[in-house]
Amino acid sequence: MRFDGQCAIITGAGGGVGRATAMRLAREGARVVLADVNLPGALEVQREIQAEGGDALAVEADVRLADSVNAMVETARAHFGPVDILVNNAGGSARLIGKKSWFWESEESTWDWTFGVNLKGPFLCARAVICQMMERRSGKIINVASVAGVCGLEEMVDYSAAKSGIIGMTRALAMEVGRYNINVNCVSPGTVSSWSQIPPEATYLGRGGKPEEIANLIAFLASHEADYITGANYLIDGGRTLGPKAK
């Protein structure tokens, strides 16, 4: 029970990596706040956690909006106490809103959405919890970036830029708050999907990642086992970014 009694906020907790992370932390004793713009999805995860005997609270939140983020954090404090762990998982490319395109065909409104959910959102969430963490001289912030932020992806210039920004934010924020015993780290997943959705040749392991595998790494970084790690970005991509395979 590495997280017994700790309060953890997971954004984008209504499915995928967010859901897997919430389930993992709850199973190890955390009281989890499931923040998502998709409240029905978050409520379903809440029911799953509670069915296993865990503590969870679903909260509707749009990480692009400061008022929504601040309300999310206040709700967390009211129900579970000060926030010990923040997982900035909410994000996604313009594909989610049907706007994936080449850069020269992209629209400013699409950039605003992509930067808002992937970059501004983690800024707002971190800012909303950081002062209470500083006062308590304790806290873990884990940002979820992407291989796109490391090597770039075509038709995703805005997404690649936003995720690269998160990696930079992680390093700089870790420098500022290390003196308060706060750890800030980042994970950069590759494709997280099933065998049927990614060609085996796309990774050196011959498959896509599983949400639970990303959650395992996030749980480690949120635990006391990672107390001497800060400002790091962990690639978890099945070797996708190692380079081209030899023919």
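Reader: Which side chain of opposite charge is nearest to Asp36, a buried residue with no salt bridge?

Author: In this predicted model, Asp36 sits in strand β2, which covers residues 31-36. A salt bridge needs a side-chain nitrogen of Lys or Arg within 4 Å of a carboxyl oxygen. Asp36 is buried and has no such partner, and the nearest side chain of opposite charge lies 11 Å away, that of Arg19.

Reader: Which backbone nitrogen does the side chain of Asp36 reach at 2.7 Å?

Author: Polar contacts are counted within 3.5 Å. The Asp36 side chain reaches the backbone nitrogen of Asn38 at 2.8 Å. At 2.7 Å, the backbone nitrogen reached is that of Gly14.

Reader: Which residues does Asp36 touch, not counting residues up to four places away in sequence?

Author: Asp36 belongs to strand β2. Leaving out residues up to four places away in sequence, Asp36 touches Gly12, Ala13, Gly14, Ala42, Val59, Glu60 and Ala61.

Reader: How many disulfides does a search of the whole structure find?

Author: A disulfide requires two cysteine sulfur atoms within 2.5 Å. Cys125 is in no disulfide, with the sulfur of Cys7 as its nearest cysteine sulfur at 13 Å. Cys131 is in no disulfide either, and its nearest cysteine sulfur, that of Cys125, is 14 Å away. Over the whole structure the number of disulfides found is 0.

Reader: Is Cys125 buried or exposed?

Author: The cut-off for buried is under 20% relative accessible area. Cys131, at 37%, counts as partly exposed. Cys125 has a relative accessibility of 1%, so it counts as buried.

Reader: What is the angle between the planes of Trp102 and Trp104, which form an aromatic pair?

Author: The whole structure holds 2 aromatic pairs. In the pair of Trp102 and Trp104, the centres are 5.5 Å apart. Planes under 30 degrees apart count as stacked. This pair is stacked, with an angle between the planes of 0 degrees.

Reader: Why does the pair of Phe103 and Trp111 count as stacked?

Author: Ring centres must lie within 6.5 Å for a pair, and those of Phe103 and Trp111 are 5.9 Å apart. Stacking then requires planes under 30 degrees apart. The pair is stacked because its planes stand at 5 degrees.

Reader: What is the relative accessibility of Trp104, which counts as exposed?

Author: Trp102 is partly exposed, at 32%. Phe103 at 48% and Trp111 at 30% are also partly exposed. Exposed means over 50%, and Trp104 counts as exposed because its relative accessibility is 66%.

Terms used
Residues are numbered from 1 along each chain as its sequence is written. This is a predicted model: local features need pLDDT of at least 70, side-chain atom pairs count only at pLDDT 80 or more; totals for chains, interfaces and linings use all residues. Side-chain values use heavy atoms; hydrogens and water are left out. Buried means under 20% relative accessible area, exposed over 50%, partly exposed in between (1.4 Å probe, protein chains only). Helices (H or I, at least four residues) and strands (E, at least two) are DSSP runs, numbered from the N terminus. Lys and Arg count as positive and Asp and Glu as negative; His and the chain ends are not counted. A polar contact is a pair of N or O atoms within 3.5 Å; within protein, one must be able to donate a hydrogen and the other to accept it, and residues adjacent in sequence count only if both atoms are side-chain atoms. Contact means heavy atoms within 4.5 Å. Rings of Phe, Tyr and Trp (its six-membered ring) pair if their centres lie within 6.5 Å; planes under 30 degrees apart count as stacked, over 60 as edge-to-face and the rest as tilted.
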